[in-house]
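Please read them with the model open beside you.

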Amino acid sequence: MTFLQIIFLLFAAVILGSALMVVTTRNMIHAALWLIAALFGVAAVYALLNAGFLAVVQVVVYIGAIAILFIFAVMLTRREMRDKGPQLNKNWWMAALISVVTFGGLFGLLSNWAGFSKTAAEIPAGLDAVEQLGIALVSPDAYVLPFEVASILLLAALIGAVYVAFNKE
Amino acid sequence: MTFWTDPINFVADWLMGVFTGWGMAEGLAGVLIALIGIFALVTFAMLLDILLVWVERKVVARFQDRLGPNRVGPFGIFQPFADIVKLLIKEDITPIGADKIIYNLAPIFSLMSVLLLWAILPFAPKIFGVDLNVGLLYIVAAGAIGTLSIIMAGWASNNKYALMGAFRTVAQMISYEIPMVVALLIPTLLAGTMGVNGIVESQGIWFVVLSPLGALIFVISAIAELGRSPFDLNEAESEIVAGFHIEYTGMKFGLFYAGELLHAFTFGGFISVLFFGGYRFFGLENFGPIVAAVIFLLKALFFYWVIMWVKYTVPRVRIDHMLAFNWKFLTPLAFVLLMVTALVSKLLAGASAGWHAAGLFLANVVVGWLTIEILKAHARRQREREETPAQPAVQAAQH
Amino acid sequence: MIPLSWYLTLSAGLFSIGLFGVLARKNAVAILLGIELMLNAVNINLVAFWRYGDPAMIVGQVFAIIVFATAAAEVAVGLALIISIYRRRKTVVADEIDMMKW
């Protein structure tokens, strides 16, 4: 077992453990904070995969904006939803069954695939992934259209969120 | 390679020789040396922090026409140590109803968000933690952890003033992150890289000449990000007592305080790195990395002083003014400036460095002049509206 | 080196946990938290396939960026809806928001 593998297992444990806490803990603020721990672990996994840009963007977008927004929303909607009492449906065992079956199905499907246990090739020398990504996002031959559509989606979400949450009284 | 041309690698090689001489595996020795490096950098930062406490108190005293600490040691230089002893022997309180784990984690996160920034500070050509190719985004990411720590502190304290401070912080930091990121994109655009080392190396002409407005926007949003006056709404002693750290005593408060001072100094360093040439000072940096590091620290200290100057001169702004200033003025200006900078530097791509700089400077002056004209027109309209409050309907009809 | 299977297993596990959260939680905000976990699981897959496929083909990272943007938009609108519902009906329990059922 190499050093990298130990690091990976450590972060995988952090991700899965925090994710379990997110879906089971009663206190909603704690759930949001556990989500931050899980997202941090995912950022570390990106770094392990040599995707440094995505790792940093993950921290900026998810932890800096989305998770903070979640904490804010939990605080704003807290009066009725006390932390007491069950936070799970009465059908939670059904949900657990479906998740386990999903995991088993995904794992079974993937383990029959030939490329399941392949190892990574070396990153070619001189390949700057960030530069490639930047060019790909604005090049008409590559992904400029999805990029623009995503920006329009964000604008629409901005206007929609302001309109929906605006207090008319 | 001697100590004077490349001190970090020299020491690292020497340590590697010592460790492998003891029969240690090379990989383990590498990890150990990296840990020692991190420890040394953090220790240096915290020692500097102790000095900063003294500097802050002395400078604020001069701004307020006082003497400041002058009893303990020459010029009161040992005052911070007395402060530390005081903080250490204070009672350590965790309020009833507080969320204990989060309450105790928050000050650690607060200091951590600052120390993370030190990993990418380029002190000299060969003295830096890492040279990340996404360095500027990393600054924003570390800031996100700072925001998180304040929310954790505010929520876990079980105190309404603390929660109000946390709410204000969210509004402020998330808003001012936008002009800050846009201002960070301007050096990225001019240097063609997001790595801070690359940005310093490409500043043959300091970027403050190429983009004075960008530097101004960055300084303003950095002060807002630091939560210092005029943007210290999350503490606002006269309104919400002490905001998010109201319940913290002893060394836990000390961590917030140390984090705030070091954060200000670190951002002073980043202002100098991004817009004022970092360790470069008219060729003086060629005398070796030690001289370059001294130049960098002096520049960082100077901009730290500028931040203090603003802090102790400008009164606190009201919260709606703070948000309006960001959304109606700073963010649009930052976006316009980014577009103008991109356009002009593309148009002048073939020109010599001097013409390039002159064109960008001129573009900035034009943008700045237009901004002032628009503001003047807006203020005039507002004044006219306010001077005739008796017949608002008539006013509306006239326009 | 870490084999691809580890990343895929991690991502499958994270996806299933997120799915459980979406199906089993009462609180609407918690359901959104579960969706975030699922999106992250997808992202791990995308980046892992980029790294273990051909790193010169940047498409995996581009997709991950688009997922980030989508997630941000989804959270903004979703939380705005939840806050709006809370204002009118004083509840964020998904089961109690059943006006349209009859």
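1. Start with a term. Domain bounds here come from an automatic or database domain assignment. For chain B that assignment gives domain 1 (1-82) and domain 2 (90-319). The C-alpha centres of these two domains of chain B lie 19 Å apart. Keep in mind throughout that this is a predicted model.

2. How many residues of domain 1 of chain B are in contact with domain 2 of chain B? There are 17, and they meet 15 residues of domain 2 of chain B. On the domain 1 side, helix H1 (7-21) and helix H2 (26-63) of chain B each supply at least two residues. H2(B) has the largest share of that side, with 10 residues.

3. Now the chains. Which of the two pairs of chains in contact shares the most contacts? The answer is chains A and C. Here 75 residues of chain A are in contact with 63 residues of chain C.

4. Look next at which helices of chain A face chain C. Helix H1 (3-24), H2, H3, helix H4 (92-111), helix H5 (129-138) and helix H6 (144-165) of chain A each supply at least two residues of the side that touches chain C. H4(A) gives the most, with 11 residues.

5. What classes of residue make up the side of chain A that touches chain C? By class, that side has 60 nonpolar, 13 polar and two charged residues.

6. Chain A also touches chain B. This contact takes 17 residues from chain A and 16 residues from chain B. Two elements of chain A give two or more residues to the side that touches chain B: helix H2 (28-48) and helix H3 (52-76). H3(A) gives the most to that side, with 12 residues.

7. Are charged residues present or absent on the side of chain A that touches chain B? They are absent: the side has 15 nonpolar, two polar and no charged residues. The side of chain A that touches chain C, by contrast, has two charged residues.

8. Last, the remaining pair. Chain B and chain C do not touch. Their nearest C-alpha atoms are 14 Å apart. Chain A, for its part, is in contact with chain C and with chain B.

Terms used
Residues are numbered from 1 along each chain as its sequence is written. Chains are lettered from A and ligands numbered from 1 in the order in which they are written. This is a predicted model: local features need pLDDT of at least 70, side-chain atom pairs count only at pLDDT 80 or more; totals for chains, interfaces and linings use all residues. Two residues are in contact if their C-beta atoms, placed from the backbone, lie within 7 Å. Helices (H or I, at least four residues) and strands (E, at least two) are DSSP runs, numbered from the N terminus. Ala, Val, Leu, Ile, Met, Phe, Trp, Tyr, Cys and Pro count as nonpolar, Asp, Glu, Lys and Arg as charged, and the others, Gly among them, as polar.
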